[in-house]
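Student: Could you walk me through how to read a few features here, giving the general idea before the particular case?
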Amino acid sequence: MSEGQAPGKVILLGEHAVVHGGWALALPWPAVEAVATATAAVGATQVVSEAGDYDVRGLTAAARAVRAEGCVVALRSSVPVGAGLGSSAATALAVVRAVAAFNGQACDELGCADVAERFAHGTPSGLDAATVAAAGPILFRRGDGARPVAGGALPALVVADTGRPRNAAEAVAAVAERLDRHRTLVDALGQAALPGAAALEAQDWDGLGQLMDEAQDRLATLGVSHPDLDRLVAVARAAGALGAKLTGAGRGGCVVALAPDAATARALASTLLDAGATRAWTMDGPV
Ligand code: PMV
């Protein structure tokens with residue numbers, strides 16, 4: 001029996017812009033994770049889901065890209081589905097890692113996981129898969145891949161779920177439709193990832209928070225926020241967040257808020273739950 005794991009992910013800056021050639025800043029979110037277990041079996045390799053609404057067809061295709069025969073992969077995951085925390089990328093990478101470990105051989109993890117991502121998203125930017133595979137924060141641009149962002153302490157982040165499922169494909173299509181009119185806005189969303197990475201490296205949390213607030217305004221103008229997201233963003237800011245925005249494709253899913261320290265992050269998570277968030281996490285786990 002062999003196991004593979006992968007965390008969720010949080011996009012700090014650059015969602016949507018990254019689809020159109022811009023930069024994004026994102027980090028793995030270990031508070032949630034997918035775990036896959038591969039065992040020997042007769043016949044074609046397949047994935048069975050122990051919980052959650054996963055696209056087992058895509059995951060099975062990814063598993064077969066590593067090993068076509070003789071393996072059954074059981075999957076469990078605490079990464080919420082449809083919340084913008086990278087559930088499809090995390091489950092795909094966990095499956096690929098479990099099968100590669102079963103084989104006793106390294107494989108092109110991202111290439112194999114991408115097989116499942118294409119089932120789930122059509123033509124994803126690759127940001128989600130690169131982030132769940134990364135050891136820490138990354139700057140990402142399509143074609144360039146991931147660049148690790150150095151830095152000491154990670155920011156004290158809170159993620160809270162509106163409970164409203166987001167439809168990534170629909171939100172991505174809506175931005176593509178408006179691209180001609182909003183090109184400057186989309187470019188600005190991507191450009192912000194560069195000073196965002198510098199702020200993260202310098203642990204300039206006020207600077208990073210301000211960039212997150214500005215990104216939220218731009219994402220709302222692009223039409224990918226939602227009143228439920230706007231409300232949680234406002235609650236987080238009123239309760240002491242240095243910055244807050246939607247994370248992922250938007251129109252539902254989660255907000256991410258930056259706190260000045262870990263204790264404030266936990267307090268913020270409780271406040272967001274009191275305000276109607278269905279789930280909340282700090283970097284350490286669920287609150
Ligand atoms: O699938 P989500 O909600 O994690 O969003 C991914 C980020 C987008 O930039 C909106 C899409 C993409 O392919 O990068």
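This is a predicted model: local features need pLDDT of at least 70, side-chain atom pairs count only at pLDDT 80 or more; totals for chains, interfaces and linings use all residues.

Student: How should I read a sheet, and in what order do the five strands of the open sheet come?

Tutor: Strands of a sheet pair through backbone hydrogen bonds, and the pairing can be either parallel or antiparallel. Here the five strands form an open sheet in the order β8-β9-β7-β10-β11, with antiparallel pairing. The edges are β8 (243-247) and β11 (285-286), each of which pairs on one side only. Further in, strand β7 (residues 156-161) pairs with strand β9 (residues 254-259) in the antiparallel sense over six bridges, and V158 stands opposite A257 in β9.

Student: Which strands does helix α9 touch, and which does helix α10 touch?

Tutor: Helix α9 (residues 227-238) packs on the sheet and touches β7, β8 and β9, its direction making about 155 degrees with that of β8. Helix α10 (residues 262-274) also packs on the sheet, where it touches β7, β9 and β10 (279-282), and its direction makes about 10 degrees with that of β7.

Student: How many salt bridges are there?

Tutor: Side chains of opposite charge can pair when their charged atoms come close. The count for this model comes to nine salt bridges. One of them joins R164 and D228, whose closest N and O atoms are 3.4 Å apart. That pair links distant parts of the chain, since R164 is in the loop between β7 and α5 (168-177) and D228 is in helix α9, 64 residues apart. Both ends count as partly exposed, R164 at 36% and D228 at 27%.

Student: What separates R183 and D187 along helix α6?

Tutor: R183 and D187 are four residues apart in helix α6 (residues 179-191), so about one helical turn separates them. Their salt bridge has its closest N and O atoms 3.2 Å apart, while R183 is partly exposed at 33% and D187 is partly exposed at 36%.

Student: Which helices hold D213 and R237?

Tutor: The side chains of D213 and R237 meet in a salt bridge, at 2.8 Å from N to O. Because D213 lies in helix α8 (residues 205-222) and R237 in helix α9, the pair ties together parts that are 24 residues apart in sequence. R237 counts as partly exposed, at 31% relative accessibility.

Terms used
Residues are numbered from 1 along each chain as its sequence is written. Side-chain values use heavy atoms; hydrogens and water are left out. Two strands pair if DSSP finds at least two bridges between them. Helices (H or I, at least four residues) and strands (E, at least two) are DSSP runs, numbered from the N terminus. Contact means heavy atoms within 4.5 Å. Axes are lines fitted to C-alpha atoms, for helices over the stretch in contact, and angles run from 0 to 180 degrees between N-to-C directions. A salt bridge is a side-chain nitrogen of Lys or Arg within 4 Å of a carboxyl oxygen of Asp or Glu. Buried means under 20% relative accessible area, exposed over 50%, partly exposed in between (1.4 Å probe, protein chains only).
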